[in-house]
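I opened a new structure today. These are my notes on what I looked up.

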Amino acid sequence: MKGDGRRGFSLDSAAMRIVAPAAFAVVVLALWQLYTVVSDVPESSLPAPTEIARAGWEHRDLLIDNTWVTVEEILIGFALAIALGVVLAILIRSSRTIERAVYPWLVVSQMVPVPAVAPIFVIWTGFDLRPKVMVVALVAFFPIAVNSIDGLRAADPQLLRLMRTLRASRWQQFRYARLPAALPFLFSGLKVAAALAVIGAVFGEWVGSSEGLGHLILVLNNATETATMFATIFVLSVIGIALFGLVILLERRLLPWYYEGRGANRGVSGPAADAVEIGARL
Amino acid sequence: MAEPPRLRAEGLTKTFPGRSGGGPVRALDGVDLAVAPGEFVSIVGPSGCGKSTLFNLLAGLDPPSAGRILLDGQPAELLGAIGYMPQADLLMPWRTVLDNAALGLQLDGVSRREARGRARSELPRFGLAGFEDAWPSQVSGGMRQRAALLRTFLAGHDVMLLDEPFGALDALTREELQEWLLRIWQEDRKTILFVTHDVEEALFLSDRVHVMSGRPGRIELSVDVGLERPRERGPTTTDPRFADLKARLIALLQRGVEAAA
């Protein structure tokens, strides 16, 4: 963002990157609050932010208990998605035949509407943790797999030739060149997958569940507890942001060269860089 | 010659199957070449004359269509026996300067600790002291080339193919690195085959210079430089014999370019 001189003051500083979006949020919340006061919109349709906060606090035990359920589904499903995505990517990149046979179906698998498949998982496994984990894994593995496949192609072929003159075995070429070159791609996939994982968990719970934040939303909807519903949505968003932040934190730890080496955020700029920046601070 | 040349190429020919429509392309045509142990030999030629193809054969990366390559007079497995430094430095962005330099040792099964230790002890000589923990993208182009050279040196090859290692550098850095390379070579006496399109660079560095012509690539002329060592930029480059050789080689290269055009 260097040289961005559109304003009289600097938008570059790290503080501004936090302050500006926070100020915007405050403005939106204030307008929202004002609207609920001046209009006659019923609280059951649009509760005021203060009312949402109050309801959330009042039902904090309910929210916390259900949060653990959903977080567990997300984490297990996400881990499964990583394993599935990475293993598939390595398999596909290891053989032309496997690539030809599997890759088209990988793409086709994304045309299958996951919410429609979810009930089948419930039939298979019942109402426990498993169908939700499966839905999370199913929606989250695709960006991981596709990015990893691209990543495993990313190593410079010249570098691989050089490594052969240094007596590198195929495994060493993988370990020292293909794999590290693929990691930034893997992390791009993980960031997309983090957002999808939360969606997957909510879907999974809607289809068949007796607990979790997604389930809670259905219950609250029936009871017209709109303010608590909003509070639940807020908690779900926080989970999503936290997962995203965790991925970015991990990326910074594992790929210091990607950040320090290129100067912070080269390759990502503008809003994406800000999102990364904010995510990293959460 | 009493002892066989360290590296010898006999009648090397390389033909590539033609791309869509065209017939096969002959990139190299009967290249003969010999480099004695500890000798510094350069190949000059216009771009596209098949220098890189030749190096790929000598490094054992591609098989020749005809001809053979001998190490110490014997046919031998070349891949892994010959050091190869391509034009691009090809440092791994995810490894520090030190770890990049130590790569060859590590690939040979030396522990990371020991590989790093051995690389570290060479850093001052390669002008990299104090930069061991920098990422490649944080150091200058000249340093990157020296780090790549150190990687090649440490891999334990005593025959090294250097493909225009200084081609992408600015003129000043280039001259500095030429002098530095001469010092290193004088200390270690590796056998070096060096590709460049810069006649002056070739003459300044080498014991012998081969001039290559393009399409198909073949060696048109070989000259013994015969200038005393150690060489220094001023005295060596102003020597009348240097100017003489330079004029001869440039004239030959220009004729080659015109003939090809």
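I began with burial in chain B: of its 261 residues, 42% are buried (20 or more other C-beta atoms within 10 Å of a residue's own, with C-beta atoms placed from the backbone). I note that this is a predicted model, where local features need pLDDT of at least 70, side-chain atom pairs count only at pLDDT 80 or more, and totals for chains, interfaces and linings use all residues. Residues are numbered from 1 along each chain as its sequence is written, while chains are lettered from A and ligands numbered from 1 in the order in which they are written.

Next, the make-up of chain B. I found 9 helices and 10 strands (DSSP runs, H or I of at least four residues for helices and E of at least two for strands, numbered from the N terminus). The C-alpha trace of chain B spans about 50 × 45 × 45 Å along its principal axes.

Then contacts, meaning C-beta atoms, placed from the backbone, within 7 Å. In chain B, among contacts between residues at least 6 apart in sequence, 68% join residues at least 24 apart.

Which chain does chain A touch? I saw 17 residues of chain A in contact with 21 residues of chain B. On the side of chain A, α7 (157–165), α8 (170–207) and α11 (256–260) each give two or more residues. The largest share, 6 residues, comes from α7(A).

Technical notes
Two residues are in contact if their C-beta atoms, placed from the backbone, lie within 7 Å. A residue is buried if 20 or more other C-beta atoms lie within 10 Å of its own, exposed if 12 or fewer, and partly exposed in between; C-beta atoms are placed from the backbone.
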